[in-house]
Amino acid sequence: MLSELEDVAEAALLHEAMGRRGALTHDIKPIYRGAKAIGRALTVKCFPGDNLMLHLALNIAKPGDLLVATVDNFVEAGAWGEIASLAAQLRGIRGLVMDGSVRDVDAIARLNFPVFSRGVSIKGTTKRQKGELNVPITIGGVRVHPGDFVVGDTDGVVMVPAAEIAEVVAKARALRQKEKTFMERLRQGVRTLELLDLHPALLELGLEEGPKADERAVGSPSGTSESKSKPGGVDSGQSERRSA
């Protein structure tokens with residue numbers, strides 16, 4: 001299923017395809033630009049300030065796994081660095097998503113090992129606290145189960161439940177095709193108000209008068225109408241010029 005997911009492996013696209021679910025909070029982001037990760041979650045629950053369980057996860061992980069770790073949002077220690085990244089890469093691990101901090105950012109970027117975290121900290125960790133592996137965890141406001149699918153890119157990270165993956169991939173493909181059609185229509189001169197059918201919302205909010213919506217119908221030569229909207233509204237002629 002990973003190969004099929006790769007065809008639509010964009011975090012925002014999958015988030016939309018799932019009905020705007022699965023997105024981790026915005027503060028969990030790539031530590032270097034261009035990082036991209038796709039894999040199946042091997043979940044890790046660490047004691048804050050300790051990374052022993054991450055090393056144990058490295059020992060049991062299989063190729064295609066992606067480590068998804070919680071340190072209970074503790075950011076004042078770098079629980080992952082260059083050595084762990086190289087060890088993971090050599091075992092076929094596809095990346096790390098963590099709600100804590102990491103360090104050795106430049107070295108990890110040179111390895112091109114994808115890491116997504118809440119922060120960066122040069123402070124060290126202990127390696128003696130017990131945690132858990134392959135149990136359900138909550139990270140970035142999302143419940144993650146072992147084996148769920150993970151996609152991370154420049155925009156953020158999304159989790160796709162394993163039971164929904166086939167349906168989500170199909171919806172993502174359909175959504176991508178719809179977006180391609182949108183792009184084509186934009187290049188043909190259609191404006192986003194028509195493309196996204198936003199005139200009803202503008203009318204409801206008093207930002208547009210009824211006749212103007214008719215004047216700006218797709219293909220109408222009256223799109224440059226100089227008629228004025230009521231006070232506080234949007235002047236259609238000015239709006240047209242700004243979009244030109």
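**Figure 1. The largest nonpolar core of this predicted model takes in 42 residues.** The residues with the most contacts inside this core are Val 44, Leu 54, Trp 80, Leu 96, Val 97, Met 98 and Met 159. A nonpolar core here is a set of buried Ala, Val, Leu, Ile, Met, Phe, Trp, Tyr and Cys residues joined through side-chain atoms within 4.5 Å. Buried stands for under 20% relative accessible area, exposed for over 50%, and partly exposed for anything in between (1.4 Å probe, protein chains only). A contact, or touch, is heavy atoms within 4.5 Å. Zoom in on Met 159: not counting residues up to four places away in sequence, Met 159 touches Met 18, Gly 22, Leu 24, Val 68, Val 97, Val 142, Val 144, Phe 149 and Val 150. There is also a second, separate core of 18 residues, with Leu 5, Val 8, Ala 17 and Ile 165 among them. As this is a predicted model, local features need pLDDT of at least 70 and side-chain atom pairs count only at pLDDT 80 or more, while totals for chains, interfaces and linings use all residues. Residues are numbered from 1 along each chain as its sequence is written, and side-chain values use heavy atoms, with hydrogens and water left out.

**Figure 2. The whole protein chain has 10 helices and 12 strands.** Helices (H or I, at least four residues) and strands (E, at least two) are DSSP runs, numbered from the N terminus. Of the 244 residues, 44% count as buried. If you look at contacts with a separation of 6 or more, 70% of them come from residues 24 or more positions apart. The accessible surface comes to about 12,900 Å² (Shrake-Rupley method, 1.4 Å probe; for residues, only the protein chains shown count as cover). Carbon and sulfur atoms own 52% of that surface.

Figure 3. Ala 57 counts as buried because its relative accessibility is 0%. Leaving aside neighbours within four places in sequence, Ala 57 is in contact with Leu 42, Val 44, Leu 67 and Leu 133. Take Val 44: it sits 13 residues from Ala 57 along the chain, and the two C-alpha atoms are separated by 7.1 Å.

**Figure 4. Helix α6 runs over residues 165-187.** The buried residues of α6 are Ile 165, Val 168, Val 169 and Ala 172. What covers them includes α1 (2-6), α2 (11-17), β11 (149-153) and β12 (156-160). Just after α6, Gly 189 takes a positive phi of about 105 degrees.

**Figure 5. Trp 80 and Phe 113 form a stacked ring pair.** The structure holds one aromatic pair. The ring centres of Trp 80 and Phe 113 are 6.2 Å apart and the planes are at 15 degrees, so the pair is stacked. Rings of Phe, Tyr and Trp (its six-membered ring) pair if their centres lie within 6.5 Å; planes under 30 degrees apart count as stacked, over 60 as edge-to-face and the rest as tilted. The pair links distant parts of the chain, 33 residues apart: Trp 80 is in the loop between β3 and α4, and Phe 113 is in the loop between α5 and β6 (115-117). Trp 80 counts as buried at 2% relative accessibility, and Phe 113 counts as buried at 2% too.

**Figure 6. Asp 72 and Asp 197 have a positive phi without being glycines.** Most residues other than glycine have a negative phi. Asp 72, in the loop between β3 and α4, has a phi near 60 degrees. Asp 197, in the loop between α7 (192-195) and α8 (199-204), has a phi of about 55 degrees. Buried or exposed? Asp 72 counts as exposed at 58% relative accessibility, and Asp 197 counts as exposed at 56%.

Methods. Expected span 1.5 Å × (residues − 1).
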